[in-house]
Amino acid sequence: RQTVEAALRRWAQEAASARSGLRRVGYFGSYARGDWGVGSDLDVIIVVTSSDAPFERRAADWDLTSLPVPAEALVYTENEWQGLGPASRFTRTLARELVWVYEA
């Protein structure tokens with residue numbers, strides 16, 4: 001986990017240097033809970049200032065292939081992230097396990 005988290009921290013710093021709109025990067029799921037195993041991927045949350053791309057296409061703009069494990073990203077704008085209400089199951093899960101590695 002430490003190796004994966006350190007790699008994501010480096011990736012986030014490099015991405016922030018290249019993109020002024022990057023606000024936060026974190027991870028959740030098996031790596032955050034500590035129950036990852038062979039074949040586990042890294043579930044990444046990226047929060048950006050704004051985006052004109054539809055939600056389902058935004059992750060394609062972020063190359064995570066330099067990370068030591070396969071990774072999948074969910075990319076939210078700041079307004080979308082703030083609008084995720086605490087009532088949803090997804091938001092409750094994130095509140096328990098999300099680990100931020102970068103915050104602008």
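Colleague: What covers the buried residues of H1?

Modeller: In this predicted model, the cover over the buried residues of H1 includes S1, helix H2 (30-33), S2 and S4.

Colleague: Which residues of H1 are the buried ones?

Modeller: They are Val4, Glu5, Ala7, Leu8, Trp11, Ala12, Ala15 and Ala16. An α-helix has 3.6 residues a turn, so residues three or four places apart point the same way.

Colleague: How many residues has H1, and what length does it reach?

Modeller: Helix H1 (residues 2-18) has 17 residues. From its first C-alpha to its last, H1 reaches 24 Å, close to the 24 Å expected at 1.5 Å a residue.

Colleague: Let us step back to the whole chain. How many helices and strands are there?

Modeller: There are 5 helices and 4 strands in the protein chain. Their order along the sequence follows the pattern α-β-α-β-α-β-α-α-β. The radius of gyration is 13 Å, close to the 13 Å that the globule rule gives for 104 residues, so the protein chain is as compact as a globular protein of that length.

Colleague: And what does the C-alpha trace span?

Modeller: Along the principal axes, the C-alpha trace spans about 35 × 35 × 25 Å. The protein chain exposes about 6200 Å², and carbon and sulfur atoms supply 47% of that area. Of the 104 residues, 40% count as buried.

Colleague: What part of the contacts joins residues 24 or more positions apart?

Modeller: Such pairs account for 66% of the contacts in the protein chain with a separation of 6 or more.

Colleague: Now the strands. Which way do S1 and S2 pair, parallel or antiparallel?

Modeller: S1 and strand S2 (residues 42-48) pair in the antiparallel sense, over 6 bridges. Gly26 has Ile45 in S2 as its bridge partner, and Phe28 has Asp43 in S2.

Colleague: What about S1 and S4?

Modeller: S1 and strand S4 (residues 99-103) also pair in the antiparallel sense, over 4 bridges. Val25 stands opposite Tyr102 in S4.

Colleague: Why is S1 described as largely enclosed?

Modeller: Of the 7 residues of strand S1 (residues 22-28), 5 are buried, so the strand is largely enclosed by the rest of the structure.

Colleague: How many residues of S2 are buried?

Modeller: In S2, 7 of its 7 residues are buried, and the strand is mostly covered. Leu42, Val44, Ile46 and Val48 point one way from S2, whereas Asp43, Ile45 and Val47 point the other way. In a regular strand the side chains alternate between the two faces of the sheet.

Colleague: How do S2 and S3 run, parallel or antiparallel?

Modeller: S2 and S3 run parallel and are joined by 7 bridges. Val47 stands opposite Tyr76 in S3.

Colleague: Let us stay with Val47. What does Val47 touch?

Modeller: Apart from residues up to four places away in sequence, Val47 touches Gly21, Leu22, Arg23, Arg24, Tyr76, Thr77, Glu78, Trp81 and Trp100. Val47 is buried, with a relative accessible area of 1%. Val47 and Gly26 are 21 residues apart in sequence and 8.8 Å apart in space, C-alpha to C-alpha.

Colleague: Which residues of the largest nonpolar core touch the most other members?

Modeller: Of its 25 residues, Leu8, Trp11, Leu22, Val25, Leu42 and Ile46 touch the most other members. The elements that give two or more residues to this core are H1, S1, H2, S2, strand S3 (71-77) and S4. H1 supplies the largest share of this core, 7 residues. A second, separate core of 7 residues includes Ile45, Val47, Tyr76 and Leu98.

Colleague: One last residue. Where does Glu97 lie, and what does Glu97 touch?

Modeller: Glu97 lies in helix H5 (residues 89-97). Glu97 is buried, with a relative accessible area of 9%. Not counting residues up to four places away in sequence, Glu97 touches Tyr27, Phe28, Gly29, Ala32 and Arg33.

Note on methods:
Residues are numbered from 1 along each chain as its sequence is written. This is a predicted model: local features need pLDDT of at least 70, side-chain atom pairs count only at pLDDT 80 or more; totals for chains, interfaces and linings use all residues. Side-chain values use heavy atoms; hydrogens and water are left out. Buried means under 20% relative accessible area, exposed over 50%, partly exposed in between (1.4 Å probe, protein chains only). Two strands pair if DSSP finds at least two bridges between them. The expected span of a helix is 1.5 Å times one less than its number of residues. Contact means heavy atoms within 4.5 Å. The radius of gyration is taken over C-alpha atoms; the globule rule is 2.2 Å times the number of residues to the power 0.38. Accessible areas come from the Shrake-Rupley method with a 1.4 Å probe; for residues, only the protein chains shown count as cover. A nonpolar core is a set of buried Ala, Val, Leu, Ile, Met, Phe, Trp, Tyr and Cys residues joined through side-chain atoms within 4.5 Å.
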